[in-house]
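Please examine the sequence and the three-dimensional structure shown below.

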Amino acid sequence: MEMRKLGAQGLEVSAEGLGCMGMSEFYGPGDEAESTATIHRALDLGVNFLDTADMYGPHTNEELVGRAIRGRRGEVVLATKFGVVRDPANRGIRGISGRPEYVRQACDGSLQRLGTDHIDLYYQHRVDAEVPIEETVGAMSRLVEEGKVRFLGLSEAGAGTIRRAHAVHPITALQSEYSLWSRDIEDDIIPTLRELGIGLVAYSPLGRGFLTGRFTSPDDFAPDDFRRGSPRFQGENFQKNLDLVKHIEEMAVAKGCTASQLALAWVMARGEDVVPIPGTKRRKYLEENVGALKVCLTADDLARIEEIAPMGVAAGTRYPEAAMAAIGR
């Protein structure tokens, strides 16, 4: 397995990680036995970078990951996130907290659920507009001093916030959505990361599954699948985005790979400091995703992809309006 460095502080991870969110929520019913087998297969293949968060479930995804890695913790680079606050009794209600006392409380909860004494990469999931980033990162840095956390990260933060955070304690990685249909961070975020020596962890590198070509109608999603409420998966936007997928599939056939593998290979080709974390809860898709590491994109291939999927190609925003307001703070 190819390894990549995230940030300038010494963290190395597999060139492709595994997003575990969908094993517990958001993408239809889960299957813990298959999810656990998927995590074990990932480790067997050398995929050591596992991503979760306390809000997935809430809490149940960390518990699942913790059970799955029991006895194999030494093989794992474990990343989790705090900051999106959900009420287990009413999962639709959400808030954001970056309060220093909450940072410590959240970390202790994650450590317990994950069954570990340390978190390798600890992200603030969303920036709290009411709490100065210096206070939040200051609290996170104390977790590093205490040995509870090894490296710090942010998720979906704006360039100015990243700079302010990095001045308090080195930020190792930014996690943001990045794919062939989500390239908005190329203008100012990625240049900022490279100036500061911060790695990029790309979530939803397959466009929440849309870029795989497996979906042809909103009816393909389970009734409780959150994609049904996402602008890119609705009405005319869905049909327009299918045209993009068709072009990707055609190019993939010519390259002798799948659409998923082509999309992942493109993300990995964006730089040695970029690590995608495609999510899946099934071994067959994990193995397909890992196959992207064997796809070599030539300069001509990259130019063709640029024609197919220029910045702004997707129809519709990434999230509904309320959720978009929390991005790029």
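This is a predicted model: local features need pLDDT of at least 70, side-chain atom pairs count only at pLDDT 80 or more; totals for chains, interfaces and linings use all residues.

The chain as a whole may be considered next. The protein chain contains 11 helices and 12 strands. Its C-alpha trace spans about 50 × 45 × 40 Å along the principal axes. The radius of gyration is 19 Å, which agrees with the value near 20 Å that a compact globule of 329 residues would have. Of the 329 residues, 58% are buried. Where contacts join residues at least 6 apart in sequence, 76% of them link residues at least 24 apart.

From glycine 10 to proline 310 the C-alpha to C-alpha distance is 33 Å, and the two residues are 300 apart in sequence.

The packing of helices is the next topic. Two packed helices are described by the angle between their axes and by the distance between those axes. For helix H5 (residues 159–168) and helix H6 (residues 189–196), the angle is about 20° and the axes lie 9 Å apart. Because angles under 35 degrees count as roughly parallel, H5 is roughly parallel to H6. The crossing of these two helices, H5 and H6, is right-handed. On the H5 side, the contact is made by Ala159, Ile162, Arg163 and His166; on the H6 side, it is made by Ile189, Thr192, Leu193, Glu195 and Leu196. By class, the residues of the contact between H5 and H6 comprise 5 nonpolar, 2 polar and 2 charged.

A second pair is formed by helix H3 (residues 100–114) and helix H4 (residues 133–145), whose axes come within 8 Å and cross at roughly 40°. H3 and H4 are therefore oblique to each other. The crossing of H3 and H4 is right-handed. H3 contributes Pro100, Val103, Arg104 and Cys107, and these meet Glu135, Thr136, Ala139, Met140, Arg142 and Leu143 of H4. The contact of H3 with H4 has 6 nonpolar residues, 1 polar residue and 3 charged residues.

Helix H9 (residues 283–290) may be approached through its buried residues. Which elements do the buried residues of H9 pack against? They pack against strand E3 (18–19), helix H1 (32–44) and helix H8 (259–268). The buried residues of H9 are Tyr285, Leu286, Glu288, Asn289 and Val290.

The remaining points concern the backbone. The peptide bond that leads from glycine 57 to proline 58 is cis, with omega near -10°. Proline 58 is placed in the loop between strand E4 (49–51) and helix H2 (60–68).

Which loop contains serine 204? Serine 204 is located between strand E11 (199–203) and helix H7 (235–255). Although serine 204 is not a glycine, its phi is positive, at about 50°. Its relative accessibility is 12%, so serine 204 counts as buried. Arginine 208 is also placed in the loop between E11 and H7. Its phi is near 55°, again a positive value in a residue other than glycine. At 7% relative accessibility, arginine 208 counts as buried.

How values were computed:
Residues are numbered from 1 along each chain as its sequence is written. Side-chain values use heavy atoms; hydrogens and water are left out. Axes are lines fitted to C-alpha atoms, for helices over the stretch in contact, and angles run from 0 to 180 degrees between N-to-C directions. Helices (H or I, at least four residues) and strands (E, at least two) are DSSP runs, numbered from the N terminus. Angles under 35 degrees count as roughly parallel, over 145 as roughly antiparallel, 65 to 115 as roughly perpendicular and the rest as oblique. A crossing is left-handed if the near helix is turned anticlockwise from the far one by less than a right angle, and right-handed if clockwise. Contact means heavy atoms within 4.5 Å. Ala, Val, Leu, Ile, Met, Phe, Trp, Tyr, Cys and Pro count as nonpolar, Asp, Glu, Lys and Arg as charged, and the others, Gly among them, as polar. Buried means under 20% relative accessible area, exposed over 50%, partly exposed in between (1.4 Å probe, protein chains only). The radius of gyration is taken over C-alpha atoms; the globule rule is 2.2 Å times the number of residues to the power 0.38.
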